[in-house]
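Please consult the sequence and the structure shown below while reading.

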Amino acid sequence: MQRRNQYTEIEDFLADESFQSWVRSNEDLKNWEEWTLENPLRAKLVEEARLWILAMKVPENNLDSSQIQTALVATWNKIEKKKTSRKKEIKIWNNNWLRSAAAVLVFGLLAYWTYSHLFIPNNSTQIYNELIHDNGEGFVEQTNNSNKPQIITLSDGSSVLLQPKSKLSYPKIFVGNERRVYLSGEGFFEISKNPEKPFLVFANEIVTKVVGTSFRITAFSNEPDVEILVRTGKVKVQSNEMALSFNKKEEITLLPNEALRFTRKSSTFNKITDITKDETLVHSVRTIEQLSFDFTDIPVSQIFKTIEQAYLVNIEFPKEKLKDCHLTTSLNDQPLPEKLKIICKALGNKTSYEMNGNQIIIYSDGCNY
């Protein structure tokens with residue numbers, strides 16, 4: 001009982017279970033009413049804490065503006081009744097304070113609405129979590145909390161350019177006859193070729209199956225659509241329900257520069273054969289999807305610059321030793337690690353690379369030709 005005498009912040013009251021019970025159920029087992037009236041100076045703090053808890057007594061579902069208004073009116077009526085019953089006992093209620101209290105209440109309701117819409121996992125996030133849980137394998141989950149894309153290299157040599165606010169779950173080593181990863185958000189995939197071991201990307205409601213190709217998947221849990229755009233190769237897409245039941249009748253095949261949009265509200269697929277006529281896709285094209293990796297007698301320094309632009313990485317290399325080195329090569333449809341291996345092999349046996357996240361270091365004594 002003495003502990004609450006030290007309360008000086010609203011957070012102190014909100015963390016007290018007996019205070020929460022008093023506000024929510026009117027069961028004053030700890031004599032909060034009497035304690036409050038002992039000191040008129042603490043009454044304002046107590047009432048502000050009450051308003052926060054009352055504001056949080058909103059049904060846990062999606063709220064529209066009318067629901068917010070209804071909850072606000074109902075709660076405000078309770079406050080008015082409480083105000084009337086205590087008017088003779090304590091004289092801290094006045095118009096200015098009431099306006100402040102109303103502001104606190106509105107803020108609380110809006111804060112709850114924002115939290116429920118932006119932070120409470122929706123159905124798509126639950127699908128992602130359930131898929132990870134049901135898989136039963138030990139997975140590494142990487143979340144990009146930065147404001148820049150992050151490059152992830154998988155055990156098979158495939159690479160994923162993971163965009164901000166996105167996460168990818170993948171095994172440390174691929175085992176079995178399939179390579180499975182799980183995406184929530186946006187990632188650009190470049191898959192190492194292995195016809196005997198297809199690569200599957202589970203992105204919430206859909207599954208994308210490939211052998212060796214490059215493509216982008218956008219599957220943010222709070223967006224109405226999921227999109228797949230193919231840059232090179234061929235992919236097959238279907239709902240995860242069909243994939244898990246091994247039903248191949250619903251598979252949709254996509255070729256280079258084709259896309260597929262899955263609309264969550266109607267659970268329908270829309271294949272787009274000409275992405276240049278789709279305004280949303282045109283505006284969403286990333287740099288890596290626009291650059292060509294076909295090089296004919298191009299300085300190595302320029303090739304490194306193209307890779308930096310595409311993957312948003314930083315490449316350090318011995319500029320003086322490689323200033324006269326040119327390459328003719330095609331690096332399309334190759335994951336980033338494979339691109340670097342091809343370049344190093346072309347330059348000579350004494351050339352190698354080291355990659356740590358978005359930092360790449362090239363070691364070389366110069367080209368051997």
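Is N31 buried, partly exposed or exposed? In this predicted model, N31 has a relative accessibility of 39% and therefore counts as partly exposed.

- N31 is located in the loop that joins α2 (17-25) and α3 (32-37).
- S18 is 13 residues away from N31 along the chain, and the C-alpha atoms of the two residues are separated by 9.7 Å.

**Packing of α10 and α12**
- Helix α12 (residues 336-347) packs with α10 at an angle of about 175 degrees, and the two axes lie 12 Å apart.
- The two helices are therefore roughly antiparallel, because angles over 145 degrees count as such.
- On the α10 side, the contact is made by V300, I303, F304, I307 and Y311.
- On the α12 side, the contributing residues are L336, K339, L340, I343 and L347.
- By class, this contact of α10 with α12 comprises nine nonpolar residues, one charged residue and no polar residues.

**Positive phi angles**
- Most residues other than glycine have a negative phi.
- D297, which is not a glycine, has a positive phi of about 50 degrees, and D297 belongs to strand β14 (residues 294-299).
- L312, likewise a residue other than glycine, has a positive phi near 55 degrees.
- L312 sits in the loop between α10 (300-311) and β15 (314-316), and with a relative accessible area of 48% L312 is partly exposed.

Terms used
Residues numbered from 1 in each chain as written. Predicted model: local features only at pLDDT ≥ 70, side-chain atom pairs only at ≥ 80, totals over all residues. Heavy atoms only, no water. Helix = DSSP H or I, 4+ residues; strand = E, 2+ residues; numbered from the N terminus. Buried < 20%, exposed > 50% of the residue type's maximum accessible area, 1.4 Å probe, protein only. Axes fitted to C-alpha atoms, helices over the stretch in contact; angles between N-to-C directions. Parallel < 35°, antiparallel > 145°, perpendicular 65-115°, else oblique. Contact = heavy atoms within 4.5 Å. Nonpolar A, V, L, I, M, F, W, Y, C, P; charged D, E, K, R; others polar.
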